[in-house]
Amino acid sequence: MDPISSYVKAHEEGLQELGWTRNRNIIIEERYAGTMERMPGVVAESVNLNVRAIVAGPNTFIDVVNQVTSTVPIVMVYPPDPVGRGYVASPSRPGRNITGLAWDATPEIAGKYIDLLTQVRAAPFRVVGIVDPDFRDLALRREAESAAKIRGLTLQYVEVRGASDVSKAFATITSQRANAVIVFEGPTFYVLQTQISELARKNNLPTLSLDREGPQAGGLMFYGPNLRDMWRRAATYVDKILKGAKPGDLPIEQPTKFELVINLKTAKALGLTIPPSLLARADQVLE
């Protein structure tokens, strides 16, 4: 099952637990844009169906939904910095037609990325982050930079918008003599994880991905919120809205479950030994 389908399934399971069954007392319309260019049309089509709520994530998708409608309730899943991006007035009182689950990285979480890499490769004094320039999670990047600086490390970034940028990005990474890579988030990375992982292995670079699909596509590690759990929890917002609650009155929630996934096959291909203590902490080990 592809990750998007698994998230939709988790959301539907959450609705079922709250008494909502597809095609019995609720109709669930699934829409996939495929490209960002098609997103406004897809969202407008959904609004014209007189939907009672739209569930969307991450930021790039929420941006489009927010531009298309200011009246249909929007339940967001996993957007960082919803206040800074103007989605809501405050986490406790969103105030508009948007609510849901969000995630703002803390220095502790950002530091965890660096610490995990140092446990598998000694002294990665130069770390490079692969970022999607259209997914401007500046708060997360600032925290990661701060965490690296505290540990005496250098963190720089290369931008990847599409498949044609990946080879150029790794040429830059190797020229900078990086010895570890953090793959940040971005909608385009869903389809680029395999390409990124293959080039990382070719250049003997361990990767830590902020998307769970990273190690499943051949990367070394993932650490972050459990997105299936967040999509399941988003069902509670839909339930409350359908029962009359106003989105602006429903406080924003943060993730409660974090996961560590390690690809042991990739570790062996890179000649890395994963400490037993780290393997014991992992929620999933891929062999």
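Predicted model: local features only at pLDDT ≥ 70, side-chain atom pairs only at ≥ 80, totals over all residues.
User: How much space lies in the largest cavity, and how is a volume worked out?

Analyst: About 30 Å³. Grid points are joined across faces, edges and corners, and the volume is the space filled by probe spheres set on them. The structure holds 1 cavity of 30 Å³ or more.

User: Which element gives the most to that lining?

Analyst: Helix H7, with 3 residues. H7 (189–202), strand E7 (207–209) and helix H8 (213–216) each supply at least two. Helices (H or I, at least four residues) and strands (E, at least two) are DSSP runs, numbered from the N terminus.

User: How many of the lining residues are nonpolar, polar or charged?

Analyst: There are 4 nonpolar, 6 polar and no charged residues. Ala, Val, Leu, Ile, Met, Phe, Trp, Tyr, Cys and Pro count as nonpolar, Asp, Glu, Lys and Arg as charged, and the others, Gly among them, as polar.

User: How do you know that E1 and E2 pair?

Analyst: Two strands pair if DSSP finds at least two bridges between them. Here 3 bridges join E1 to strand E2 (residues 74–77), and the two run parallel. Ala56, for instance, stands opposite Met76 in E2.

User: Why is one side of E1 and of E3 left without a neighbour in the sheet?

Analyst: That open sheet has 3 strands in the order E1-E2-E3, with parallel pairing. Strand E1 (54–56) and strand E3 (98–101) stand at the edges and each has a single partner strand, so one side of each has no neighbour in the sheet.

User: What is the strand order in the sheet of 7 strands?

Analyst: E5-E4-E6-E7-E8-E9-E10, an open sheet with mixed pairing. Its edges are strand E5 (154–159) and strand E10 (284–286), each with a single partner strand. Strand E6 (residues 180–183) and E7 run parallel, joined by 3 bridges, and Ile182 has Leu208 in E7 as its bridge partner.

Terms used. Residues numbered from 1 in each chain as written. Heavy atoms only, no water. 1 Å grid on protein atoms, 1.4 Å probe; cavity = no way out; pocket = protein on both sides within 12 Å on 5 of 7 lines; lining within 4 Å.
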